[in-house]
Amino acid sequence: MSLVLMSPVLMSLVLLAALSQPVEKLVLVFPVRDPMWGSCSLGVFICLACSGIHRNLPDISKVKSLSLSHWEDQEVQFMTQHGNELMRSKYEAAVPVYYYKPTHKDCQTLKEQWIRAKYERKEFSEPGKNFTYEEGTRDGMLMKRGRDNGQFLSRRFVLSEREGTLKYFTKYDAKEPKAVIKVDTINATFQPEKIGNPNSLQITFLKDYSTRNIFVFHDNGKEIVDWFNTIRAVQLHYLKVAFPGATDAELVPKLTRNFLKEGYMEKTGPRQTEGFKKRWFTLDQRRLMYFKVPLDAFAKGEAFLGNKDHGYSASPGLPAGTHCNGNWQHGITIKTPERSFLFTCETESDQQDWLKHFNDCSILRWWSETLSYFRLRT
């Protein structure tokens, strides 16, 4: 019987039951709970976001809705004979441990290049294949935002596994680099909305015990994702040398990471009598940094959020008698052994979200005892 004669609900149930898997395991690419589309040429269920990317691969993936499209008997049979788990074993047979597998929360460029790498380029189908990310060096041009003028100009970047550095040059033939960045201090995260380009990275590193930001992009999505994964490959090599007894499972979480939360809050100074000023905040693991604007090159201040057993806490509201002359009224007080920090949020929901992240930090054990403790500068 052809599925076109079934109701949308019954058709979905037949397809799902044929795979004999929980719904949350059906999506091959990103684990979400609404895989209401399928690629009848690949034999996998996909979510709405992935279906749009698959449609851009018409020679590889034929996308159909589980509830709206006509399914032929042979297409249903193909889905039952393949399915997400089997296709994962085929197309993800040899994914390097450092390669970043995006989730449904990640940006479009990361998701698209992950799908293209698997199905279009078939990068991970053959074990033992040489990857461009593991060549030990990468040399190319990226558009970099100027620290002072805010203009994006073409700059040469050179990543070296042997030296353990990322360098950038103001001119392609320049003899001396403008900056030399140690790979063990680097974090890289995609920031399309902040930077205003879909293929953009924020590269963060420590310089003179302060956080420095570099904002870059490339017109080609594959190129910027290749840079990103090459950075991760070089970092993993460095960590394996530094910690020879550690396993991949222990080291991979210490590669690049997404920020826990970013957004605007208002803050006052250490005397708590200064006016509240609107600032951009970034929570990176246990480091809370603030900037005057989101694309500032340097953090104006940084604070370390320690464990609650050591006297660190975050609570709603401001101390009694605080003169709040800002525009926002939803307060947050962070207490440390040395002082308290006062912030205000625009909405109660934003306040609660910040508090959740702050308190999550205060109950977690910090994975590295060698990191510096930062103090918020005003």
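Over which residues does pLDDT stay under 50, with 39 contacts beyond four places in sequence? Select residues 18-28: that is the stretch, and those contacts (heavy atoms within 4.5 Å) are present in the model.

Before moving on, a few ground rules. This is a predicted model, where local features need pLDDT of at least 70 and side-chain atom pairs count only at pLDDT 80 or more, while totals for chains, interfaces and linings use all residues. Residues are numbered from 1 along each chain as its sequence is written, and side-chain values use heavy atoms, leaving out hydrogens and water.

Now colour the protein chain by pLDDT (the predictor's confidence in each residue, from 0 to 100). The chain averages 85, and 86% of its residues score at least 70. Where pLDDT is low, the predicted coordinates should not be read in detail.

Next, go to helix 3, residues 73-81, and show Glu75, Val76 and Met79, which are buried (under 20% relative accessible area, with a 1.4 Å probe and protein chains only). Look down the axis: the buried residues fall within an arc of 100 degrees (taken from the directions from the helix axis to the C-beta atoms), so they line one face of helix 3. Gly83, which follows helix 3, has a positive phi near 90 degrees.

Two non-glycine stops remain. Lys122, in the loop between helix 5 (108-120) and strand 4 (137-145), has a positive phi of about 50 degrees. Finish at Gln285, whose positive phi is near 55 degrees, in the loop between strand 12 (277-284) and strand 13 (287-291).

Note on methods
Buried means under 20% relative accessible area, exposed over 50%, partly exposed in between (1.4 Å probe, protein chains only). Helices (H or I, at least four residues) and strands (E, at least two) are DSSP runs, numbered from the N terminus.
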